[in-house]
Amino acid sequence: MAAVTQDTAVSTGRITRTFIYLVLVLFALFYLLPLYVMGVNSLKPLNEITGGNMMALPSQWTLEPWRSAWSTAQIGVEPTGLKPYFLNSILMVVPAVAISTIIGALNGYVLTKWRFRGDTWVFGLMLFSCFIPFQIVLIPMAVVLGKLGLAGTVPGLILVHVVYGIGFTTLYFRNYYASFPTELVRAAMIDGAGFFRIFWRILLPVSGPIAVVSVIWQFTNIWNDFLFGVSFGGTSQPMTVALNNLVQSSTGVKEYNVHFAGAILAALPTLLVYIVAGRYFVRGLMAGSVKG
Amino acid sequence: MGFLDIRNVTKSYGPVQVLHRIDIAVEEGEFLVLVGPSGCGKSTLLNMIAGLEAITDGEIAIKGRVVNGVHPSKRNIAMVFQSYALYPNMTVGQNMTFGLEMHGVPKPERDRALADVAKLLQIETLLDRKPGQLSGGQRQRVAMGRALVRNPDVFLFDEPLSNLDAKLRVDMRTEIKKLHQKLKTTIVYVTHDQIEALTLSTRIAVMNKGHVQQLGTPKEIYDTPANLFVATFMGSPAMNIVPATVVMENGHPHAALTDADGGVHRLRFSQANLAAWEGKPILLGIRPEAITDPEGADRKSGNIQPFSNRVTVTEPAGSDTFVTMTLSGKDVIARMRADANVTPGQSFDFAINMEKAVAFDPATEARIPA
Amino acid sequence: MATEADFRTRLQDWLPKLVLAPSFAVTLLFVYGFILFTIVLSFTGSKMLPKFTWVGFENYEKLFALPAWNTAIVNIAIFATLYIVICTVIGLMLAIFLDQKIRGEGMLRPIYLYPMALSFIVTGTAWKWFLDPGIGLERIMHQWGWESFSFTWIKDGEMALYTIVIAAVWQTSGFVMAMFLAGLRGIDNETLKAAQIDGASNWQLYRRIVIPLLRPAFLSAFVILSHLAIKSYDLVIALTGGGPGRATEMPATFMYSYTFTRNQMGIGASSAVIMLMTIAAIMVPYLYAELKEKK
């Protein structure tokens, strides 16, 4: 948030203020409602949902739905639970986030501190790639991954996420480095530091805030991705795809409590990240996607 | 051949030429100030000396070695930036020795150089702090220290004082001058502040629109400005420029001027060759301090011309009083002693030191040489 | 004396471009090359696999003759309009309210924002069962004594689309709020004080001064929301699966099913091209203006 000032000059009457608080609290309840529903119902036996009230607290608390969602629920045709898919997601997210962030940092450094003729065009082309509907690349990507022998593998998904993530990471680092004084880079040049040394010794040490933003952004986007996962996941499907398979399965009884537990499991990593570093997340969304 | 030679240097960005054939030879130990309004190309020229911008045409040589295309770190120069450009993540000491480290100077030697410079600049106590913990003046010192540690052939200063407040700026100005007198280093210094230029330099290059308008000592620049631009840019308040006609009287050229009430005054020139301009319009340039009350006039001058005029505004400024009047339709400022008894709206007897007057050709705006 | 640049200087000149080159090449290939590939495919008779038999505009003609595609277009138009308008209204309202020196702002803001951190699949799952008449909202109301309460939108072909609007608004309106709040906090307080001294009421203050000053935030919100709307695939899949029947078919789901399950790759490609063109029509002028400004 802008550091200008916290308060507006607007003053309001008592009735208006009561109304404002009422609206704000009602919306807070609206936003919390699904989380409450998921949480409460993931801790009751199925018959309490089908025979009881979704809003009620469990009369018999149980962790069974969580256990089932994690290790025994039927995902597709295998009763493996979500565990292997959770691992797939981790194996995919960690390298993809790391690689795309490093590339984005270097790109942002070049695009702001080593400007050349046409650099705005290069950046514009990379930036536009963040906003394409991915449907336009699905077919050729499937072909290319097939040719590379990466179809249905975790490395294949990493490749896809890095390719379509560098636009955003580049945007973040470019905007951040743009406000980093160019005179510092010039001073370092005169001091005798080269391209990589300037990056490593001068820029990287002050890149903490934007690196956090980039990591959070990429982590949430890649963890939450469904389209690429379902298209190219094959036998290495990520968590989102597995969750969808669990929920949509048409065979047997619908175990709502297991679905909710699974949904929370799928949401947990990003929620945790958000709770730990949400402040940066918001700031990053602002800095990057709003200011272009 | 100078110590630092700028030979016919040109800079273009695509079709736009921002520097036109700059030719300056700087001697060892000289303090050259590049001064001019923003956009005049002074910083571009400095950056080209540093190697931070490419030279379109011409050559720059340091100690006889042409440095076109040589990496900034291999020119043996040091630069002090406007924003100081201190590395925020390093301590003062690390900041100052970073350049030596990059050049592979061993640690004990670095530490010795650092200790020497820190003592010289009296910043020994700051060495372990981060730049963020320093005041503006301290940062300025560290930035200079970083340059000094390198012991370079040429120091480059890019508006180093413009981020300081007025008082500190004056202090640091004196400090830089002292440092230069002590170390006898070669300095190229960019500023838009004409007072800085006049006080610090041994020579000044006044620049405008990519051209060097005049290159000379502060006295030459101030007393005999090459053209209207230099005349009005250097000095504060600026030189008064008044349209006048040259008339002959008793065989001497005079400037004919009209005062606020339509009365005509003829002021004798000291410059005899202006006789050639008889009957033609010129622009008369007079510095404010050359117009005084009769008692305050320069006794050593051989050509004090009295005249009276109505005063429009007086502005007491402590040590002086600035008086505004109208001459030939232009506002003219005179610099009086603080105790001169001047009242707005009333007529006052002035004395003009015509020895200090200069004349400009209205067509070319160049000074008519004596 | 050499006037030639020394080796290190020349290397330093090339290094930045060398570092950027792989990313640029990858973007050219994987984004623009792929776009070109898909455009070419949309003019071929590809079925299950890419096949380069030229059929001209046949796929586009077929596409626009398909009832499913027309449903998808109508749906995306309704969905995008409602989604953008409602998100903007709620976001702006919450931002203005939160900007009134609210006690507990620090607690409310993260509550409004956290849905943005969730996957659409999670959001879809939560709302799918909460809105399910058999176990969710309708039954809750019945059990609480409101026997006549009826809420069957999610099973109703006419209304299912609006459940997607609800879930989507739930997920992103808090984020829009944050954008507006940042905009509000960026407005110079003195401007507001000046307007108050000029005698503006609170309402006039917002309508005449604040909201016009938020123009950039409106634009950004519009661009981001329309981009999210057109890409919306996951939420539809998780919430309604495109059903009941085809009631909630969207261009994104249409493209996927025609390309990968119905083996009509040519038609799928042509639908993707239409999607790209729609987004480009919004994004290109926006990005162009933003980049131009920055230069």
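A: Happy to! Buried area here is the accessible area, taken with a 1.4 Å probe, that two parts lose on being put together, summed over both. In this predicted model, domain 1 of chain A and domain 2 of chain A bury about 760 Å² between them, with 85% of that on carbon and sulfur atoms. On the domain 1 side, Met38(A), Ser42(A) and Leu46(A) supply 59% of the area buried against domain 2 of chain A, more than any other three residues.

Now for the two partners themselves. The domain assignment of chain A places domain 1 at 14-62 and domain 2 at 83-291, and their C-alpha centres lie 33 Å apart. Where they touch, 12 residues of domain 1 of chain A are in contact with 10 residues of domain 2 of chain A.

Looking at the domain 1 face by element, α1 (14-41) and α2 (46-50) of chain A are the ones that give two or more residues to the side touching domain 2. Of these, α1(A) provides the largest share, 5 residues. Sorted by class, that side of domain 1 of chain A has 7 nonpolar, 4 polar and 1 charged residues.

Methods. Residues are numbered from 1 along each chain as its sequence is written. Chains are lettered from A and ligands numbered from 1 in the order in which they are written. This is a predicted model: local features need pLDDT of at least 70, side-chain atom pairs count only at pLDDT 80 or more; totals for chains, interfaces and linings use all residues. Side-chain values use heavy atoms; hydrogens and water are left out. Domain bounds come from an automatic or database domain assignment. Contact means heavy atoms within 4.5 Å. Helices (H or I, at least four residues) and strands (E, at least two) are DSSP runs, numbered from the N terminus. Ala, Val, Leu, Ile, Met, Phe, Trp, Tyr, Cys and Pro count as nonpolar, Asp, Glu, Lys and Arg as charged, and the others, Gly among them, as polar.
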